[in-house]
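Please read this briefing alongside the sequence and the model. It covers domains, salt bridges and aromatic contacts.

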Amino acid sequence: MNLFINNIGQLVTVASHGKRVKTGIDMCELHILSNASLLIENGIITAVGKNGELTAPADIDEINAEGRVVIPGFVDSHTHTVFAGSRENEFAMRSEGKTYQEIAEAGGGILSTMRATREATKHNLYKFAERRLNEMMRNGTTTVEIKSGYGLSPEAEMNILEVISDLKRDHYVTIAATFLGAHAFPPEYKDDKQAYVDRICDYMLPYIAEKKLATFVDVFCELGYFDLKATEQIILESKRLGLIPKLHADQLNAFGAVELGAKHHAISVDHLEKTNESGIAALKNSETIATVLPGCSLFLNHRYAPARSIIDAGIPLAIATDFNPGSQMCSSMQMMMTLACTQMQMTPAEAITAATLNAAAALGLSGEIGSIEIGKQADVVLYNVHDYRTIPYHYGINHVWKVVKNGVLLDF
Ligand code: NIG
Ligand code: FE
């Protein structure tokens with residue numbers, strides 16, 4: 001697909017010049033070209049320049065951006081998009097003062113979505129997720145990581161991973177699949193938790209690796225869920241099979257999950273609401289990306305991750321939605337940028353870097369996506385604004401004008 005986009009008011013390239021991630025002060029450097037144009041050929045960015053510097057080849061489709069802003073498509077590197085049911089009852093209970101943990105202990109939480117998901121057909125799981133992915137793309141997201149984790153039995157988890165594979169085959173959005181069988185202990189194993197961990201390691205992980213159903217393996221490393229020992233067992237077995245570890249770490253309690261992730265070279269550790277100096281020190285000496293999920297803090301009224309300290313320590317930081325039915329029911333990366341700026345003392349420029357290049361790196365994809373540079377995949381989004389800072393500033397609405405995915409102008 002060939003496409004020429006001209007009269008771009010601000011072309012926010014987030015150029016990294018070959019670097020995998022941006023850290024520290026570099027996160028503020030967006031490499032913006034004003035009054036620019038962009039040439040896309042066969043789905044790849046082939047030229048970037050000032051208006052007038054580039055000429056459109058004959059017979060090419062053209063978009064006149066009329067001074068609008070263009071930024072790389074968002075990469076949402078942490079979501080739980082495949083699930084059935086919904087939990088507005090828990091939302092209402094929290095509004096009356098109940099906590100996330102109290103609701104989970106009373107039989108709600110992850111297990112309530114597990115029940116609904118186990119009962120749903122694969123066709124319905126696919127349809128529900130497809131609608132959510134369409135909505136994400138309309139809001140500027142062009143790559144999405146999706147975790148399993150609401151099946152919690154070999155059959156139900158594999159069904160979810162197969163739905164993710166089908167969506168990956170069919171949907172315009174780029175999808176990265178993560179196995180999160182270690183999301184909670186299913187009722188069948190409530191009296192023998194080690195047996196569930198062994199089932200994951202001895203049966204589920206080898207099956208997933210053989211059938212190539214996931215690239216990543218995640219664990220909810222948390223008190224009352226998967227402890228450090230179980231988490232380490234799952235990480236080691238995943239790595240042995242060629243699967244890449246990620247962790248849900250320090251969401252409700254800090255007890256060494258971030259340190260464990262850094263030690264085993266997890267590609268990212270996510271959440272970090274409770275991360276302290278020890279976690280920051282461990283990340284500083286690693287390649288692991290810190291992914292913060294500010295929507296979760298808003299929705300559960302928890303404290304925000306110490307994003308400012310993490311960036312100032314020189315650790316690569318990404319932001320993601322954590323879209324899921326329990327702790328974060330918002331799939332807008334534009335909204336996450338607003339929360340990053342208002343609640344975590346990040347600048348709009350840092351928020352863009354965290355939602356594009358660094359988030360791509362959290363999926364091992366920053367060589368192909370996450371910035372607008374020659375040779376990269378043409379995932380670019382045009383916004384109805386004339387200054388990129390308006391995106392987080394004028395919040396709660398969708399500013400997207402047009403989405404170009406792999407060089408194709410999407411029609412919705
Ligand atoms: O990332 N923390 C664990 N998993 C999700 C919540 C899942 C749920 O409540 O359904 C999270 O916040
Ligand atoms: Fe999550």
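The points below are grouped by topic, after a short note on conventions.

This is a predicted model, in which local features need pLDDT of at least 70 and side-chain atom pairs count only at pLDDT 80 or more, while totals for chains, interfaces and linings use all residues. Residues are numbered from 1 along each chain as its sequence is written, chains are lettered from A and ligands numbered from 1 in the order in which they are written, and side-chain values use heavy atoms, with hydrogens and water left out.

**Domains**

- The protein chain is assigned domain 1 (3-72 + 371-409) and domain 2 (75-361); such bounds come from an automatic or database domain assignment.
- Between the C-alpha centres of domain 1 and domain 2 the distance is 29 Å.
- Contact (heavy atoms within 4.5 Å) involves 33 residues of domain 1 and 32 residues of domain 2.
- The two domains bury about 2600 Å² between them, with 67% of it on carbon and sulfur atoms; buried area is the accessible area (1.4 Å probe) that two parts lose on being put together, summed over both.
- On the domain 1 side, Arg-20, Met-27 and Lys-405 lose the most area to domain 2, together 26% of what that side buries.
- Zero salt bridges are counted between domain 1 and domain 2.

**Salt bridges**

- A salt bridge requires a side-chain nitrogen of Lys or Arg within 4 Å of a carboxyl oxygen of Asp or Glu, and the count by this rule is 19.
- Lys-405 and Asp-379 form a salt bridge at 2.7 Å, N to O.
- This pair links distant parts of the chain, with Lys-405 in strand 15 (residues 400-405) and Asp-379 in the loop between helix 14 (357-361) and strand 14 (380-383), 26 residues apart. Helices (H or I, at least four residues) and strands (E, at least two) are DSSP runs, numbered from the N terminus.
- Lys-405 and Asp-379 are both buried; the classes are buried (under 20% relative accessible area), exposed (over 50%) and partly exposed (in between), with a 1.4 Å probe and protein chains only.
- Glu-232 pairs with Lys-263 in a salt bridge whose closest N and O atoms are 3.0 Å apart.
- Glu-232 lies in helix 7 and Lys-263 in helix 8 (residues 257-263), 31 residues apart.
- Glu-232 is partly exposed at 23% relative accessible area, whereas Lys-263 is exposed at 53%.
- Arg-169 and Asp-170 form a salt bridge with closest N and O atoms 2.7 Å apart; Arg-169 is exposed at 60%, and Asp-170 is partly exposed at 40%.
- A network of salt bridges links Lys-19, Lys-22 and Asp-26.

**Aromatic contacts**

- There are ten aromatic pairs in the structure; rings of Phe, Tyr and Trp (its six-membered ring) pair if their centres lie within 6.5 Å, and planes under 30 degrees apart count as stacked, over 60 as edge-to-face and the rest as tilted.
- Tyr-189 and Tyr-196 have ring centres 5.3 Å apart and planes at 50°, so this pair is tilted.
- Tyr-196 and Phe-226 are tilted too, because their planes are at 45°, with ring centres 6.4 Å apart.
- Tyr-196 is in helix 6 (residues 193-211) and Phe-226 in the loop between strand 9 (216-220) and helix 7 (228-240), 30 residues apart.
- Both Tyr-196 and Phe-226 are buried, Tyr-196 at 0% relative accessibility.
- One aromatic cluster is formed by Phe-185, Tyr-189, Tyr-196 and Phe-226.
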